[in-house]
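Please give a short report on this structure for someone seeing it for the first time.

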Amino acid sequence: MKYNRVLLKLSGEALMGEQQYGIDPARLEQYAKEIKKVVDEKVEVAIVIGAGNIFRGMQAGKMGIDRVQGDHMGMLATVINGMALQSALEGEGVYTRLMSGIQMDQVCEPFIRRRAVRHLEKGRVVIFGAGTGNPYFTTDSAASLRAIEIDADVVLKGTRVDGIYTADPEKHPDATKIDELTFDEALNKNLKIMDLTAFTLCKENDLPIVVFDMNKPNNLYHLMSGEAVGTIVSQ
Ligand code: UDP
């Protein structure tokens, strides 16, 4: 396999499938199966999951909820998604641990870096819930941060499109896909791959990002096998 240790970032929205809200059981099972395929090849997999399918801190204002409270709600929602993914993976016979950036001992382990690395070494999939544990961040930033902390080889950003395009392919049909680019090129072309905090963390720590289509069957496996899947952003 091309990488030994990866951090897979899944958005909360991806878990909705065709629904408008919440978790689609079919999508959950599909993701668990895709992840199992690379775990079976002895790849160490850590996952950060978002919460756009349940709650985002940005929504708080229009509900009369303050931003920090809203961000905490968003972080708790990532733990809900993490628990669902954990169960789905366990259903496929994959050993997992859920670690949270906000302590909630009855539900999951607290995030402790050395312990997370030990779990990975033992072949367990580690799901990082509650983002960074801090408001005003996103789960993309959590993905970059945790990836650096556990010394992952790459951040794999699973999306609905098969990579980075010259423009948004859903709005500009003539946009073309880019196979690889540097961090500086992505910045200069103003290509929005992750929010700037997340992106800068990757750039400054020389951590490549691969954007790929997580919904295409076997795509994660093909990416890990070294096939030209998605778009790679590196130094
Ligand atoms: N969040 C936060 N700190 C973090 C990560 C997440 O406050 O370190 C909150 C924030 O309100 C965010 C929500 O959790 O809107 C869900 O995360 P995100 O929007 O990144 O989810 P995604 O877009 O990936 O589904």
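Leu 10 counts as buried because it has 23 C-beta neighbours inside 10 Å. A residue is buried if 20 or more other C-beta atoms lie within 10 Å of its own, exposed if 12 or fewer, and partly exposed in between; C-beta atoms are placed from the backbone. This is a predicted model: local features need pLDDT of at least 70, side-chain atom pairs count only at pLDDT 80 or more, and totals for chains, interfaces and linings use all residues. Residues are numbered from 1 along each chain as its sequence is written.

Leu 10 sits in strand E1. Helices (H or I, at least four residues) and strands (E, at least two) are DSSP runs, numbered from the N terminus. Gly 52 lies in the loop between E2 and helix H2 (67-91). Gly 52 also counts as buried, because it has 20 C-beta neighbours inside 10 Å.

The table lists contacts (C-beta atoms, placed from the backbone, within 7 Å).

| Residue | Contacts, leaving aside neighbours within four places in sequence |
|---|---|
| Leu 10 | Tyr 31, Ile 47, Ile 49, Gly 50, Gly 158 and Met 214 |
| Gly 52 | Ser 11, Gly 12 and Glu 13 |
| Leu 156 | Val 6, Leu 7, Leu 8, Lys 9, Val 210, Phe 212 and Leu 223 |

UniProt, in an unreviewed entry, places the feature "binding site" at Lys 9, Leu 10, Ser 11, Gly 12, Gly 52, Arg 56, Thr 159, Tyr 165 and Asp 168. These positions spread over 160 residues of sequence and also in space, up to 25.9 Å between C-alpha atoms. UniProt positions follow the numbering used here, feature names are shortened, and annotations may be inferred rather than shown by experiment.

Next comes the ligand. Of the 24 residues around the ligand, Gly 50, Gly 52, Gly 57, Gly 74 and Gly 131 come nearest. A residue is near a molecule if its C-beta atom, placed from the backbone, lies within 6 Å of it. The largest share of this shell, 5 residues, comes from H2. H2 and helix H4 (139-149) each supply at least two residues.

Now to helix H3. In H3 (residues 113-121), Ala 116, His 119 and Leu 120 are buried. They cover an arc of only 100 degrees around the axis, which puts them on the same side of H3. That arc is taken from the directions from the helix axis to the C-beta atoms. On the other side of H3, Arg 114 and Glu 121 are exposed. The cover over the buried residues of H3 includes strands E1 (5-10), E2 (44-49), E3 (96-100) and E5 (125-129). After H3 comes Gly 123, with a positive phi near 90 degrees.

Key: Two residues are in contact if their C-beta atoms, placed from the backbone, lie within 7 Å.
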